[in-house]
Structure formats: C-alpha cells, structure tokens
Amino acid sequence: MKINEFKLERFFAKYEFTAPYLLCSSDCESWTIEELLSMEEGSEEAFKKLRLGYTESSGSPVLREEISALYKHIKPQDIIVFAGAQEGIFIFMNVLMEKGDHVIVQWPCYQSLFEIAHSIGCDVTEWKMDGKNNWEIDISFLKKHIRKNTKAIVINSPHNPTGYIIPEEKLREIIEIASEHDIYIFSDEVYRFLEYDEKDRFLSLCDSYDKGVSLGVMSKSFGLAGLRTGWIAVRDILLRKKMACFKDFTSICNSAPGEFLSITGLKHKDTLIKRNLQIIKDNLLLLDSFFDRYSDLLGWIRPKAGAIAFPEIKTDKNIEDFAMDLLKKKGVLLLPGTKYDFGDKHFRIGFGRKNMPHALEHMEEYISEHLKGV
C-alpha cells in the first residue's frame, strides 16, 4: 500500500510538543487517572488488580455495553473497538473499498477520510462546504455527483475543522439519496455530545440508516485522548465481520488499562461532557470578542459544536507565513488550512483547553504589534 504523507500529523509531530502555546488543539482538556478513578467508588483498587493480558479482539463486553448506550438502536455486538478513531477509519476503508470505486467526501476534512480511499485506487469527489454561507453543504451537488460505482458518502458532523452541524433535514436527504442508490454512509461523529445547543444533536447514522457507519472516540468530547480508544458502530453484520477480521492484521486487540479507564469514563460521561462544554463555552465568549475586535483582519464563522473552528485572515499574508511568524515571535501554534488542502487563508483554532485564554493573549499581542494597520 502506497499512501501520501499525512500533512496535519507531520505538522503536529514537528511542533505540537515544542510550541509553548497550542491554539489549535482538536481535543478537550484531559483528565488525570486520579481524577477519573475518583469518580467511581472502588475503581482505584480494581485498576491496581487489573491483569495485563490480551483483551477480546472486538473490545471488552463491558466497554461495548457502555458504548452502545450512546446510541438508540445499537447493541453491544454492533460495536468494534479500535486503537483510536484512526484505526477504525483505516480498517473501514480497506474492507469496503476496491480500486475503481467512487467516494464522495465532505470537504475540508481530516485527511484519513479521503487519503486511504485514494491510496486504494478510488476516485474521490470533494463535496466542498461553502465558507461564504456559514459552511453549508449543497445537497444538489451530492445528487449530481452520484455514480453507478459510488461506494460510500463520507460525512463529518459536528465537523472538523469548522464546527458545522449538518441540519436534520439535510441528513434525511443524504440518507434518502444513499438508500436510493444502495450506498454506505460513513459518519465521523467524534465531536458528538459537544453541541452547544442540545437541540442540534442528530441521531447517529448507525441508528438512522441500515448502511450507516458511525465513528466515535474517547479523545474529543470526553477529553481522554491518551487512552487511544475509538470505535465503529454498524448494524451491517457482514461489514462488521470483515472489519473484525481485518483488525487481526493491525492492533489485534486493545489495551487492557485503556479499556478499563474508558469504561470508567463512559460511566461518568455526563460529568466529563459537562465540564468540557463549560470550558468550550467560556472560551467561545472570549473568541467572539476577540474576532469582533479584529473583524477587519480576521473572518469568524461561529461554530455550532466541538472544540475547533476555521477562521480566515483577510490580509495579503499567506496563512503559512502568518502561522510560522506567530510561532516564532510569540510561541503560539495555529494549524494552517493548507494542511486540509483548503487554500492559503484559513486556519484551525482550538478552544477546548483551560489555557486557551493565555494563548489567545499572546496571539492578540502579535496582531497588535505586527498586523494592526496592515
């Protein structure tokens, strides 16, 4: 298998652990093991006595039970647990796709959502979102680009990196189109439960469509990225069986401590989500004010969910030059939109962590010193 370099991950490999101020992180504030275990009586002793042997390939039955509770029609046997969301994407694409297949992918997106299909030999159509229309997707575009060999539609809602949520009526239309043509829908839902208004939360694709495949992870909404626990929920028995068999050639099984702590986190999911949402909402108020002050220099479309957004610079500066100069002069790391293959003006900003206000202060210093009056 030949695959292109992962632009975003190579960028983070270079800068994430050396930059003094991260202002582009996609995850929420993490928890310590001590904090997590304190939520569940007796869990500390149980964790100490945990045997570090192999685990069940599809995931601990208890963990799959807890994950299935996040959905409406999903049973524990409909879940496969992976080493993070990345393994789930990789295995799904390799199991479903064949050379010559066609895939339609909501764009911009996390590179795995198109790159793996591309490396297999699939033809990928970019379903571009409209930044001039609050990142809305065009259903008519989807209808026009369905082909006889279209194997899957790939969507991401809440969306990385814009924070856009596909409205319920548009989701229904997507499902109708897919059903009419017998096409799978792969739905990246890693930011589910971080909707700022709970009324915007949609029913998962795996609950809504018999060929819907939903991706989840402990990293984003729950703030437990270090556990490396992700999953796919799917009712299609044959597809699920094929993914389980493919996993024998990747991670085989999951980390026993990671599964234990994931179970504990999911038992207290309301506590985890409530805290993360509060951090996000507090930081959003600061961002609203910040982008209002610099509206002549920076464009801001307020997200509806998640811990990231996708602003743009309005000056003649290239976003790569802007981001690197900001890092050099103030130690603040932004993610250029070039890492999403989406032009040279947008950047990802992250606001799910407690220290976001401090990082934002340093960015404002840079703008006042180097951009004001440009």
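Cysteine 253 is buried, with a relative accessible area of 16%. Buried means under 20% relative accessible area, exposed over 50%, and partly exposed in between, with a 1.4 Å probe and protein chains only. The sulfur of cysteine 253 is 15 Å from the closest cysteine sulfur, that of cysteine 245, which is too far for a bond. A search of the whole structure finds zero disulfides. Cysteine 28 is in no disulfide either; its nearest cysteine sulfur belongs to cysteine 24 and is 14 Å away. Cysteine 28 counts as buried at 1% relative accessibility. A disulfide here is a pair of cysteine sulfur atoms within 2.5 Å. In general, a disulfide is a covalent bond between the sulfur atoms of two cysteines.

This is a predicted model: local features need pLDDT of at least 70, side-chain atom pairs count only at pLDDT 80 or more, and totals for chains, interfaces and linings use all residues. Residues are numbered from 1 along each chain as its sequence is written, and side-chain values use heavy atoms, with hydrogens and water left out.

**The seven-stranded sheet**

Seven strands make an open sheet in the order β2-β8-β7-β6-β5-β3-β4, with mixed pairing. The edge strands are β2 (79-83) and β4 (123-128), and each pairs on one side only. On average, neighbouring strands of this sheet are turned by 20 degrees against each other, direction ignored. Strands (E, at least two residues) and helices (H or I, at least four) are DSSP runs, numbered from the N terminus. Two strands pair if DSSP finds at least two bridges between them.

| Strands | Sense | Bridges | Opposite residues |
|---|---|---|---|
| β2 and β8 (residues 229-234) | antiparallel | five | phenylalanine 82 and glycine 230 |
| β3 and β5 | parallel | four | valine 105 and valine 154 |
| β5 and β6 | parallel | five | alanine 152 and tyrosine 184 |

Helix α4 (residues 61-68) lies across β2 and β8, and runs at about 110 degrees to β2. Helix α6 (residues 112-120) touches β3 (102-107), β4, β5 (150-156) and β6 (184-188). The direction of α6 makes about 160 degrees with that of β3. Axes are lines fitted to C-alpha atoms, for helices over the stretch in contact; angles run from 0 to 180 degrees between N-to-C directions. Contact means heavy atoms within 4.5 Å.

Strand β5 is largely enclosed by the rest of the structure, because six of its seven residues are buried. Asparagine 149 is placed in the loop between α7 (139-145) and β5. Asparagine 149 counts as partly exposed, at 31% relative accessibility. Leaving aside neighbours within four places in sequence, asparagine 149 is in contact with Gly100, Asp101 and His102. Asparagine 149 and aspartate 123 are 26 residues apart in sequence, and their C-alpha atoms are 9.6 Å apart.

**The three-stranded sheet**

Another open sheet has three strands in the order β10-β14-β13, with antiparallel pairing. β10 (308-309) and β13 (335-336) stand at the edges with a single partner strand each, so one side of each is left without a neighbour in the sheet. Two bridges join β10 and β14 in the antiparallel sense. Isoleucine 308 has glycine 350 in β14 as its bridge partner.

**Aromatic contacts**

The whole structure holds 17 aromatic pairs. In tryptophan 107 and phenylalanine 114, the ring centres are 4.6 Å apart and the planes at 45 degrees, so the pair is tilted. Both of these residues, tryptophan 107 and phenylalanine 114, are buried. Phenylalanine 322 and phenylalanine 347 also make a tilted pair, because their centres are 6.2 Å apart and their planes at 40 degrees. Rings of Phe, Tyr and Trp (its six-membered ring) pair if their centres lie within 6.5 Å; planes under 30 degrees apart count as stacked, over 60 as edge-to-face and the rest as tilted.

Phenylalanine 322 lies in helix α13 (residues 319-330) and phenylalanine 347 in strand β14 (residues 347-350), so this pair ties together parts that are 25 residues apart in sequence. Phenylalanine 322 is buried at 0% relative accessibility. Phenylalanine 347 is buried, with a relative accessible area of 0%. Trp135, Phe310, Tyr340 and Phe342 form one aromatic cluster.

A charge meets a ring as well. The charged end of arginine 275 sits over the ring of tryptophan 31, 3.7 Å from its centre. That requires NZ of Lys or CZ of Arg within 6 Å of the ring centre and within 35 degrees of the ring normal.
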